[in-house]
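Colleague: I'm new to this one. Could you walk me through how to read it?

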Amino acid sequence: MPAAASSTPGKVWLVGAGPGAADLLTLRAARLLAQADIVLHDALVHPDVLALAPQAIHVPVGKRGGRPSTTQRFINKRLVDAAHRHARVVRLKGGDPMLFGRAQEEIDALRDAGIEVEVVPGISAVFGASADALQSLTQRGLSRSVILLTPRFGEGESRHDWARPAAAADTIVLYMAGRSAEPIREGLLAAGLPPGLPAIVVENASLPGERIQAGRLGDLPAMTRALGDGPALLMLGAVYEALAGRRADGEAVAA
Ligand code: SAH
């Protein structure tokens, strides 16, 4: 129910929407969606997920790499404004809110405005992708560490050395990387990783248009050239040897 503008502000839940499939939401997320007055959602959130909040106002505040987007500052302001107008505000974010989702800026803006905020975890894309590839991120004798990394850098941040920490991990998962494979390959090779390192590219994890390609670090540009419009993860490490061995030139191993 909308609250009067002058009464105490509502509460905001930052809710993880999971990798795409609606039935990968948590029960808590589904309950909050069913009770929401307004849902402000990312571009990547699937319509089936939004359909769980038919009673709510839906506001897309999407950001997609390389496309016109709503600035983060404006999103923060919209969240604060929504909490002044509505009792139950859901901010629906792809995957898990606390990973590469600028959640801290939203939490800080809400707390600075005196608005109560709570976070509901979600299944991050890496877990949806690993499940569908039937390939564990860790494996006895092969991988005891995983790094979740993005090659993207913001204004004022240095482009330098983004890949260096990757060399210290057994399994490397790159978010927001699907469309810049050439510099990514150069960065990872410069960090000391071998061109023969097994790699998979998972597009649209958990969704009907999912595609999993396997190959090697050296083939990354060829593997990503075939990517469609969906979000994609690049995953590298010895655990992907069996998949890469089956198909060494980036051909799809599953669709
Ligand atoms: N908070 C999100 C990540 C947001 S960054 C999470 O926890 O998953 C957006 C990036 O996530 C995309 O560029 C892509 O790399 C990845 N991603 C999100 N959904 C995906 C999906 N269904 N399949 C593959 N990658 C996905």
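Colleague: Which residues of α5 are buried?

Modeller: Before that, a word on the source: this is a predicted model, where local features need pLDDT of at least 70, side-chain atom pairs count only at pLDDT 80 or more, and totals for chains, interfaces and linings use all residues. Residues are numbered from 1 along each chain as its sequence is written, and side-chain values use heavy atoms, with hydrogens and water left out. Buried means under 20% relative accessible area, exposed over 50%, partly exposed in between (1.4 Å probe, protein chains only). Helices (H or I, at least four residues) and strands (E, at least two) are DSSP runs, numbered from the N terminus. In α5, the buried ones are Val126, Gly128, Ala129, Ser130 and Ala133.

Colleague: What covers the buried residues of α5?

Modeller: The cover includes strands β6, β7, β8, β9 and β10, along with helix α8. Contact here means heavy atoms within 4.5 Å.

Colleague: And Leu134, buried or exposed?

Modeller: Leu134 counts as exposed because its relative accessibility is 77%. Leu134 follows α5 and has a positive phi, near 50°, and it sits in the loop between α5 and β6.

Colleague: In what order do the strands of the open sheet come?

Modeller: Two strands pair if DSSP finds at least two bridges between them. Here 5 strands with parallel pairing make an open sheet, ordered β3-β2-β4-β1-β5. At the edges are β3 (57-60) and β5 (116-120), each pairing on one side only. β2 (residues 38-41) is joined to β3 by 4 bridges, and His41 stands opposite Pro60 in β3.

Colleague: Which strands does helix α1 touch?

Modeller: Helix α1 (residues 27-35) packs on the sheet and touches β1, β2, β4 and β5, with its direction at about 130° to that of β4. Axes are lines fitted to C-alpha atoms, for helices over the stretch in contact, and angles run from 0 to 180 degrees between N-to-C directions. Helix α4 (residues 103-112) lies across β1, β4 and β5, at about 170° to β1.

Colleague: Last one: which residues come nearest to the ligand?

Modeller: A residue is near a molecule if one of its heavy atoms lies within 4 Å of it. Of the 16 residues around the ligand, Pro19, Leu99, Ser124, Ala205 and Ala232 come nearest. An N or O atom in the Ser124 side chain is 2.6 Å from a ligand oxygen atom.

Definitions and conventions. Polar contact = N/O pair within 3.5 Å; in protein donor to acceptor, adjacent residues only side chain to side chain.
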